[in-house]
Amino acid sequence: MTFNELENLYINKDIDKAEYIEKAYQLFHHPLFELAEHLSSTAISDIKINPQGVFMTFKDSGLSFLLRPGDKRLAPLDAINFKDYEKSEMEIQYSLIKPGQVIYDIGANFGWYSLHLSHHSQCIVTGK
């Protein structure tokens, strides 16, 4: 059930106010508190929800990513599910790349490596 579907049940008087409040809390509000508690053990520092979408920020870089609805394998979601996202791969790259180097990210998907390398190593990254 979506929040809009629940709201329509209340508007159409299919459920009363007390039931609406209880269902909204159980289905939508309470999971937010559970997720907030879980974040402390992940690479995600915060989640922002606004009319433009859901944004998650990584602790190490401060980089925020907009989540696409329905995409279950986004880096921020993997970081919540598995505590981090490609941490060992990033550490290897950080150790190999020197500030000011030019890096070509061939086949970049959404810019994970490009963004992190340019942020961390202050190198110049181009993607294709």
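A polar atom of the lysine 59 side chain lies 3.2 Å from the backbone oxygen of serine 40, a polar contact in the sense of a pair of N or O atoms within 3.5 Å, where within protein one must be able to donate a hydrogen and the other to accept it, and residues adjacent in sequence count only if both atoms are side-chain atoms. The side chain of lysine 59 also reaches the backbone oxygen of threonine 42, at 2.6 Å. The model is predicted: local features need pLDDT of at least 70 and side-chain atom pairs count only at pLDDT 80 or more, while totals for chains, interfaces and linings use all residues. Residues are numbered from 1 along each chain as its sequence is written, and side-chain values use heavy atoms, with hydrogens and water left out.

**Lysine 59**
- Lysine 59 sits in the loop between strand S2 (53-58) and strand S3 (64-66); strands (E, at least two residues) and helices (H or I, at least four) are DSSP runs numbered from the N terminus.
- Its relative accessible area of 43% makes lysine 59 partly exposed, the class between buried (under 20%) and exposed (over 50%), computed with a 1.4 Å probe on protein chains only.
- Not counting residues up to four places away in sequence, lysine 59 touches Leu39, Ser40, Thr42, Ala43, Ile44 and Ser45, contact being heavy atoms within 4.5 Å.
- Alanine 43 is 16 residues from lysine 59 along the chain, and their C-alpha atoms are separated by 5.6 Å.

**Helix H2**
- Helix H2 covers residues 17-39, and its end C-alpha atoms are 32 Å apart, in agreement with the 33 Å that its 23 residues should span; the expected span is 1.5 Å times one less than the number of residues.
- H2 bends by about 45 degrees at tyrosine 25, the bend being the angle between axes fitted to the seven residues ending there and the seven starting there.
- At the start of H2, a side-chain oxygen of aspartate 16 comes within 3.3 Å of the backbone nitrogen of alanine 18.
- Tyr20, Ala24 and Leu39 are buried in H2, and the buried residues of this helix pack against helix H1 (3-11), strand S1 (44-50) and helix H3 (75-82).

- Histidine 116 belongs to helix H5 (residues 112-121) and is buried, with a relative accessible area of 1%.
- A polar atom of the histidine 116 side chain lies 3.0 Å from the backbone oxygen of tryptophan 112.
- Beyond its neighbours within four places in sequence, histidine 116 contacts Asp60, Ser61, Leu63, Phe65, Met90, Tyr94 and Ser121.
- Leucine 74 lies in the loop between S3 and H3 and is buried at a relative accessible area of 8%.
- Leaving aside neighbours within four places in sequence, leucine 74 is in contact with Leu67 and Arg68.

**Whole chain and confidence**
- The protein chain has five helices and five strands, in the order α-α-β-β-β-α-α-β-α-β from the N terminus.
- Its radius of gyration is 20 Å, whereas a compact globule of 128 residues would have one near 14 Å; the value is taken over C-alpha atoms, and the globule rule is 2.2 Å times the number of residues to the power 0.38.
- Of the 128 residues, 27% are buried.
- The mean pLDDT (the predictor's confidence in each residue, from 0 to 100) of the chain is 90, and 94% of its residues reach 70 or more.
- Where pLDDT is low, the predicted coordinates should not be read in detail.
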